[in-house]
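Subject: A structure to look through

Dear colleague,

I am passing on a structure that I have been reading, and I would be glad if you looked at it with the notes that follow beside you. Please take your time over each part.

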Amino acid sequence: MGLLVVGSVAFDSVKTPFGEAEDVLGGSATYFSTSASYFTDVSLVAVVGEDFPKKHIDFLKLRNIDTRGLVTAPGKTFRWKGQYGFDLNEAQTLDTQLNVFETFKPDLPEEYRGADIVFLANIDPDLQREVLTQVKDPKLVALDTMNFWIEGKRDSLIKTLSQVDILFINDSEARQLTGMPNLVKAAREINSYGPRTIVIKRGEYGVLLFHGGSVFAAPAYPLEDVFDPTGAGDTFGGGFMGFIANSMDFSESTLRQATVMGSVMASYNVEDFSLNRIRDLDYKEIEARFREFKKLAHFDDLD
Ligand code: AMP
């Protein structure tokens with residue numbers, strides 16, 4: 001059964017050189033599940049506060065996302081505040097308020113426990129592990145994280161990583177996690193923590209996929225207008241994992257296609273604030289951009 005995700009559902013306040021947005025819908029699990037919903041059935045595990053509007057939950061349901069695992073608890077919804085300079089590759093976190101996530105103890109609905117594929121989106125690694133213990137026999141487990149947890153809960157994160165097949169991480173966080181400036185060496189080091197597949201996200205420079213001794217590089221789509229990179233990583237993860245969950249094929253060829261599909265979804269997401277651009281994409285647009293990626297990276301062999 002389908003793709004299960006645990007992560008944050010949030011109110012984000014974001015400032016970029018091109019504009020700002022306050023208390024808009026965000027969160028790692030929100031971006032992930034919306035993106036993945038174009039490819040497969042998604043079940044969401046998260047918590048929101050009593051201040052979370054029904055219209056946001058209605059939106060998730062409209063995307064056919066199973067929200068039975070989205071709990072409303074007394075208190076306030078998770079809040080993140082960040083800004084970007086002209087180099088949009090790196091978010092500067094100004095404020096993180098865990099709020100209802102501080103005391104959240106996930107208890108998965110029975111129907112979720114048979115999930116085949118689990119995505120542990122960026123959230124407290126203790127929580128990621130707790131969810132994992134409740135899934136009976138997952139065929140594939142992937143994880144995303146960020147500097148906040150690498151700094152604050154490193155030991156717990158390393159423990160969680162030992163149970164993970166695929167790690168999604170950005171370049172600076174791969175360096176921070178391993179203490180290794182070289183990404184090839186960092187990927188090898190992460191390999192020794194547990195994950196056999198490592199996906200290193202490099203913002204506008206694209207993605208590196210390390211798998212079974214080989215490396216695949218996908219470019220980022222060269223966009224003229226990048227408006228807000230918030231959620232690009234999670235949207236990438238949603239496209240990648242949604243594509244894999246749909247095919248249930250874990251071969252290297254599918255992993256490569258999934259890497260490009262993740263890049264396609266992320267390229268749409270950065271065109272607007274919050275989830276505005278990926279709320280209602282046409283699948284034909286997705287396919288068209290996938291094919292443009294193929295052209296973008298194609299070259300002829302030597303004679
Ligand atoms: P990214 O894909 O890395 O740009 O993720 C951005 C999203 O991550 C935002 O919508 C935030 O709400 C969420 N976020 C930021 N910090 C954290 C954190 N410490 N834990 C979980 N989610 C976070």
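**Helix pairs and the ligand**

Helices α3 and α5 cross in a left-handed manner, where left-handed means that the near helix is turned anticlockwise from the far one by less than a right angle, and right-handed that it is turned clockwise. In contact here, that is with heavy atoms within 4.5 Å, are Pro-125, Asp-126, Gln-128 and Arg-129 of α3 and Ser-156, Leu-157, Lys-159 and Thr-160 of α5. By class, the residues of this contact are 2 nonpolar, 3 polar and 3 charged; Ala, Val, Leu, Ile, Met, Phe, Trp, Tyr, Cys and Pro count as nonpolar, Asp, Glu, Lys and Arg as charged, and the others, Gly among them, as polar.

Before going on, please note that this is a predicted model, in which local features need pLDDT of at least 70 and side-chain atom pairs count only at pLDDT 80 or more, whereas totals for chains, interfaces and linings use all residues. Residues are numbered from 1 along each chain as its sequence is written, and side-chain values use heavy atoms, with hydrogens and water left out.

Helix α3 covers residues 125-133 and helix α5 residues 154-161, and the two pack at an angle of about 30° with their axes 8 Å apart. Axes are lines fitted to C-alpha atoms, for helices over the stretch in contact, and angles run from 0 to 180 degrees between N-to-C directions. Helices (H or I, at least four residues) and strands (E, at least two) are DSSP runs, numbered from the N terminus. The two helices α3 and α5 are therefore roughly parallel, given that angles under 35 degrees count as roughly parallel, over 145 as roughly antiparallel, 65 to 115 as roughly perpendicular and the rest as oblique.

A second pair is α6 (residues 171-178) and α7 (residues 183-193), whose axes come within 9 Å and cross at roughly 60°, which makes α6 oblique to α7. The crossing of α6 with α7 is left-handed.

Turning to the ligand, 19 residues lie around it, of which Ser-8, Asp-12, Gly-27, Gly-231 and Asp-234 come nearest; a residue counts if one of its heavy atoms lies within 4 Å. An N or O atom in the side chain of Asp-12 is 2.5 Å from a ligand oxygen atom, and a polar backbone atom of Gly-231 is 2.7 Å from an oxygen atom of the ligand.

Lastly, Leu-98 sits in the loop between β7 (92-97) and β8 (117-120), and, leaving aside residues up to four places away in sequence, Leu-98 touches Phe-78 and Trp-149.

How values were computed. Polar contact = N/O pair within 3.5 Å; in protein donor to acceptor, adjacent residues only side chain to side chain.
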